[in-house]
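Good morning, everyone. Please take a look at the structure on the screen. I'll talk about charged side chains and who pairs with whom.

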Amino acid sequence: IGWVVMGLAAGVLLGFCGLFVPGLYIQVLTARRLAEFNEQLVDTLNALSSAFRAGLSFAQAIEAVAEEAENPLGHEFRIAVREMRMGVEIPEALNHVAERTGSDDMALVATSTAVAAGMGGNMAEMFETISRTIADRFRIEGRINALTAMGRMQGIVVALLPFALAIALNWMRPDLMGPMMAHPF
């Protein structure tokens with residue numbers, strides 16, 4: 001349609017956009033969902049720790065968190081609760097959550113849970129420690145992003161500068177830019 005309406009160049013450009021933009025959009029949504037999941041995981045680990053201190057079993061604690069948590073974490077934990085009701089072991093169900101979400105933090109939780117369940121240990125303290133570790137990592141990543149923001153912006157400006165200059169020159173002196181745009185080369 002772009003080729004018919006606006007010409008060959010616009011058709012090719014729109015074709016490439018139609019080919020790549022949906023994939024990029026899905027990647028952005030996936031990254032946003034993962035970031036939201038990881039942020040919710042910190043609070044969830046604190047809630048699990050509190051549930052253990054209150055005397056709940058692991059399955060009861062996960063069920064309570066699954067019911068109270070918002071999506072996307074609540075959805076994933078509800079799936080894990082369903083898996084546990086069908087006979088899947090708790091560490092394996094948590095590992096499935098880590099695989100579905102692609103969260104390294106959740107993989108750490110699943111691995112730690114499997115080790116603690118096999119060897120015994122204070123699950124409440126373990127979840128508090130993991131929660132603090134993840135929160136500290138978020139804090140450090142935030143500092144890094146703040147410190148590198150200026151460099152990223154400079155890179156964007158330098159990359160867009162030739163295009164902005166071409167537009168400005170075409171606006172100011174179309175007689176000089178016209179031959180360059182009209183020539184097939």
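How many residues apart are Arg 139 and Asp 136 in helix α7? They are 3 residues apart, so about one helical turn separates them. Helices here are DSSP runs of H or I with at least four residues, strands are runs of E with at least two, and both are numbered from the N terminus.

Some ground rules. This is a predicted model, where local features need pLDDT of at least 70, side-chain atom pairs count only at pLDDT 80 or more, and totals for chains, interfaces and linings use all residues. Residues are numbered from 1 along each chain as its sequence is written, and side-chain values use heavy atoms, with hydrogens and water left out.

Back to our pair. Arg 139 and Asp 136 form a salt bridge. That term means a side-chain nitrogen of Lys or Arg within 4 Å of a carboxyl oxygen of Asp or Glu. Here the closest N and O atoms are 2.6 Å apart. By this rule, the count comes to 9 salt bridges.

Are these two buried or exposed? Arg 139 is partly exposed, at 45% relative accessibility. Asp 136 is partly exposed too, at 37%. The cut-offs: buried is under 20% relative accessible area, exposed is over 50%, and partly exposed is in between, with a 1.4 Å probe and protein chains only.

Next pair, also in helix α7: Arg 137 and Glu 141. They sit 4 residues apart, about one turn of the helix. Their side chains meet in a salt bridge, 2.8 Å from N to O. Arg 137 is partly exposed at 29%. Glu 141 is partly exposed at 35%.

Arg 53 and Glu 128 meet in a salt bridge, 3.0 Å from N to O. Why does this pair tie together parts that are 75 residues apart in sequence? Because Arg 53 lies in helix α2, residues 8–53, and Glu 128 lies in helix α7, residues 123–172. Glu 128 is partly exposed, at 26%.

Salt bridges can also link up. Arg 33, Glu 76, Glu 83 and Arg 100 are joined in a network of them.

Last stop: Gln 40, in helix α2. Gln 40 is buried, with a relative accessible area of 16%. Which residues does Gln 40 touch, not counting those up to four places away in sequence? Glu 70, Asn 71, Pro 72 and Leu 73. Contact here means heavy atoms within 4.5 Å.

That's my tour. Thank you.
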